[in-house]
2 protein chains.
Amino acid sequence: MQNDLTLNLKHFIQSLYAQGVRHVVISPGSRTTPVALLWAEFAATVQTDMQIHMAVDERDAGFLGLGIAKTQQVPVALLATSGTATVNYAPAIAEAAVSHVPLIAVTTDRPEELQGIGAPQTLDQQALFGTHVKKAMTVTMQSTTPDTTEYIDYAVQDAVHLAGQQPAGPIQINLPLRKPLMPELGAVWPNVETVQYAEAEAVLEVPESLRTQFAEAVMFLDGPAESTTYQKQLQAVAERHALPILTDVLGQVRPNANAITGIDALIESGCVKAYPTPRLIVRFGGTPVSAKVLQWIKAENISVVQVGKNFVGRDHSRVARYQLDVTETAFLMAFDQAVAPQMPGFLEQWQTSREVVAQTVARQSLSDVGVVKAMACLPAETQLFIANSMAIRDYDNYWQPQHAVTAWANRGANGIDGTVATATGMALGHANNWLAIGDLALFHDMNGLMLAKQAQVNLNVLVINNDGGGIFSFLPQAQAQDYFETLFGTPQALSVEKIAALYDAPYTQITDLAQLDALVQTPAKGLRFIEVITDRSENVAQHQMILAALAGGTIDAND
Amino acid sequence: MQNDLTLNLKHFIQSLYAQGVRHVVISPGSRTTPVALLWAEFAATVQTDMQIHMAVDERDAGFLGLGIAKTQQVPVALLATSGTATVNYAPAIAEAAVSHVPLIAVTTDRPEELQGIGAPQTLDQQALFGTHVKKAMTVTMQSTTPDTTEYIDYAVQDAVHLAGQQPAGPIQINLPLRKPLMPELGAVWPNVETVQYAEAEAVLEVPESLRTQFAEAVMFLDGPAESTTYQKQLQAVAERHALPILTDVLGQVRPNANAITGIDALIESGCVKAYPTPRLIVRFGGTPVSAKVLQWIKAENISVVQVGKNFVGRDHSRVARYQLDVTETAFLMAFDQAVAPQMPGFLEQWQTSREVVAQTVARQSLSDVGVVKAMACLPAETQLFIANSMAIRDYDNYWQPQHAVTAWANRGANGIDGTVATATGMALGHANNWLAIGDLALFHDMNGLMLAKQAQVNLNVLVINNDGGGIFSFLPQAQAQDYFETLFGTPQALSVEKIAALYDAPYTQITDLAQLDALVQTPAKGLRFIEVITDRSENVAQHQMILAALAGGTIDAND
């Protein structure tokens, strides 16, 4: 068993090689010791087309690499020891930035514990080249986390791809290394899987290796849509070829005959085992609301193709080995030609899951999930903005809209700030708008209500008031009862009725879901508040009950 | 006549509008005064679909803009006054960065003279949002330079385009404004031309407005090639449709039957007037070595299409109104279908220019230009690296290679540093390599010679030694005789022979061009030095003589 430094550096060197790095210009130094030695071993024993060039003067090392990269039009790595040595790359990096040459500056560094306290040959090497590099990343090599190795494979390959992607340009990879620096030589080299990137016209020929898998069991995963240009085409292709669609609540394809909803609950309850496991999942859009779906894909070893120019390399589960840097529409057009007939019954079996979820979570009493179920009746052309963080999860699992309702949320960075203001932006110029929000997110952006009032938007603010942060009750800290309410529950004793009064808006407290049904059918002119008071403990119990029922339902689905 | 502030802000507002900005969220403040007032006037009197939204709380202003931008999928501007007000945009900018929303944060600022010396409401607003914005730019509004206005049109439109280009994301435009801040209201609004951007599949339909121009007189400008994937196709299209190609020395299409060389000299001598002016120029590659060609295009009001993903928006002459964000090969394929027959004789007339240049600059005596002429005999498969800054200009104008020689230089940032090392990088694994370099650039990168020696590359180093910086003799400072040699000529009294001895390389001083002819036919094994000693004053005189002869030749070409 080789040490972490050796193993991770081997992944690092092989990841560079996997994305086309065949030349490295090394300047001698001490901090570079393990990298230089392993690179030499790699070139001597693993891949003999890997060429190592030595250059004592780092300024010239940079330009030598530039000369190779620009004339052969390949990515070239540089390797220098810590301190001013690395700064000497700056002129060549600057030229590479302007002339679009994919130089990879690998700068070894002192570890964190030696930074900024007078250690020799130590300076701030992070973001050393400012805007002259397309990306500056620091990667840890000495770590016992298994994630580290996998992250190196994925992120380093992504970075080299980025350097070559037009407009091309240099990148910096900073490697803090602590002593002892000697690697283990002569040990076995691990296998590093190559991430396949396809760009522009090239993707119109979908990778051959995938075509064979197309014949098996293909599923679409339609994540949060940051563009609404492709959903109709996606649905048409899915329907034409009988592919199930795992629909994120923000994916803009609910309702649809092929839609699977509640995947997070299906997985958590174990009920997902009742359905045939897909062989290939094609991912559209951003990171899905359901964290479990990516874990499930990884655990089941399902192949993943990631599509879309906004999302290349943005799979934090590090599973997607096929990264298609093309528009969704271009991919769907090609895919439509390439996909083969699916396993008989594949779609039909999955379709039953939607009914299982719907029946298990049949009309509920007045509760968090009960409200979500009732909101399925929103009329067509409604826009629904869903707040983080408890609300969005419930809607993702249990909201099966009957009509074409567009659903939005701030799921880039998942903050609870600015929710009312963002929903107001959504509502501008649109007739029927709803905001589903908890009391804490509402309080956080009270000022946003002034915008909604002044802009005179039609906005139904549906507040689930459980007096505090509901999601924390599902997390391990809920066990720390002495501190929980103070640090996490944070009840604000907020009066939604008085907030409504502050903004001269009508207010209704719902005590029966039938009241909500009626309000859903008579959307607001202007700003309107609807409050449902729930209990955080009961909410946890209700969710557990639903999961238990789903787990029971597993057996039925297998029948 | 309205003042600069008013005029430039009108260009700013209209440039945003031209690229699709129909919403701005304004937070009240003092420093924003002229921008807010003019935006309001614009919305009221010029483009009534421009919508202004007010938001007192800047954090919510950011999220309101985010809500509009993400749901309507359009770029949205924010406008805030200087100080912490602008910092409140940070949460919405961060969300926009991760969820790929094109927010345009316009932050007004105190002018330079109030920075960092205790002025109120003043903080460092440049690069306020770090890597969360795709671009952070500061644009001056109060300037009397006509360039300012044109730069606003061009750079602001480019920035908005960048924000929307996938992966989309926010940008920051910082506007330092000094008092008085009141704009002139009620004055006429200038016309701002829209820059047309075309992306991906869209470009396959070349803009209709250009098709008509295709019928006229089209020319290719093949600038420095940062990719050698398209030159064969470019030449085939040019030959098929009888289009002249203005060939930059680094464009990798010399020699070619349609090639025009020496455009810089043709323009400077006035000789270019003898040839029919093109109506449309399609630009490939980077900024051409010839500065005059871009000035000529601008002066003659020639339409310009700029092609290539590395170069969208990178026309510092600010002429190219059509920016095609596609691969060169995709464009050429579409163009090949679209281009109409050319004006009779258009190509043929331009072709005579190459002969005019060749004959006017017939074989010269031993001199800078004489050497360039002699180097035309380099055999096929040679790689030639050309140093900045005098050498590259001479080769651009007067080098008409007889065989397919690939020519390279560092023309991204045009430095004289690292030339030998870069040339060594080029030479690795290639049989026949030449480096054309002056004595000053050679001295600057003496250490690069160690790399060439150690790598055992075949590299002929052809040194034009005029003991100092030759290009400065062509610039106005040459008149400042008391200081010129010390500050600009900088003679180093370098012995090229001793440098050769240091690296154990053969050395020849050329005293007759026939010697060079012979050496060109017998390229080096390993490193070899060839020195030509010239005189800076004589060099200036020779260049002037050539231009005078070309000016005379104008009459012949007209005959």
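Where in chain B is the place of B:Pro167? B:Pro167 sits in the loop between α6 (146–164) and β6 (171–176) of chain B, where helices (H or I, at least four residues) and strands (E, at least two) are DSSP runs numbered from the N terminus. The bond that joins B:Gln166 and B:Pro167 is a cis peptide bond, with omega about -5 degrees.

The model is a predicted one, in which local features need pLDDT of at least 70 and side-chain atom pairs count only at pLDDT 80 or more, while totals for chains, interfaces and linings use all residues. Residues are numbered from 1 along each chain as its sequence is written, chains are lettered from A and ligands numbered from 1 in the order in which they are written, and side-chain values use heavy atoms, with hydrogens and water left out.

A cis peptide bond also runs from B:Asn388 to B:Ser389, with omega near 0 degrees. B:Ser389 belongs to the loop between β14 (383–386) and α14 (390–398) of chain B. In chain A, A:Gln73 has a positive phi, near 55 degrees, in a residue other than glycine; A:Gln73 is located in the loop between α3 and β3 (76–80) of chain A.

Chain A is assigned domain 1 (4–188), domain 2 (198–358) and domain 3 (361–545), with bounds from an automatic or database domain assignment. The centres of domain 1 of chain A and domain 3 of chain A, taken over C-alpha atoms, are 48 Å apart.

The same surface serves both copies, as 100% of the contact residues of chain A recur in chain B.

At the interface, 53 residues of chain A contact 53 residues of chain B (heavy atoms within 4.5 Å). The two chains bury about 4600 Å² between them, 52% of it on carbon and sulfur atoms; this is the accessible area (1.4 Å probe) lost on putting the two parts together, summed over both. Between chain A and chain B there are 0 salt bridges, a salt bridge being a side-chain nitrogen of Lys or Arg within 4 Å of a carboxyl oxygen of Asp or Glu. The elements giving two or more residues to the side of chain A that touches chain B are β2 (51–54), α3 (58–72), α5 (90–99), α15 (419–427) and α17 (448–455) of chain A. The most comes from α3(A), with 10 residues.

Over all chains the structure holds 30 salt bridges. In one salt bridge, the side chains of A:Glu150 and A:Arg318 meet at 2.9 Å, N to O. This pair links distant parts of the chain, 168 residues apart: A:Glu150 is in helix α6 (residues 146–164) of chain A and A:Arg318 in the loop between β12 (303–307) and β13 (322–325) of chain A.
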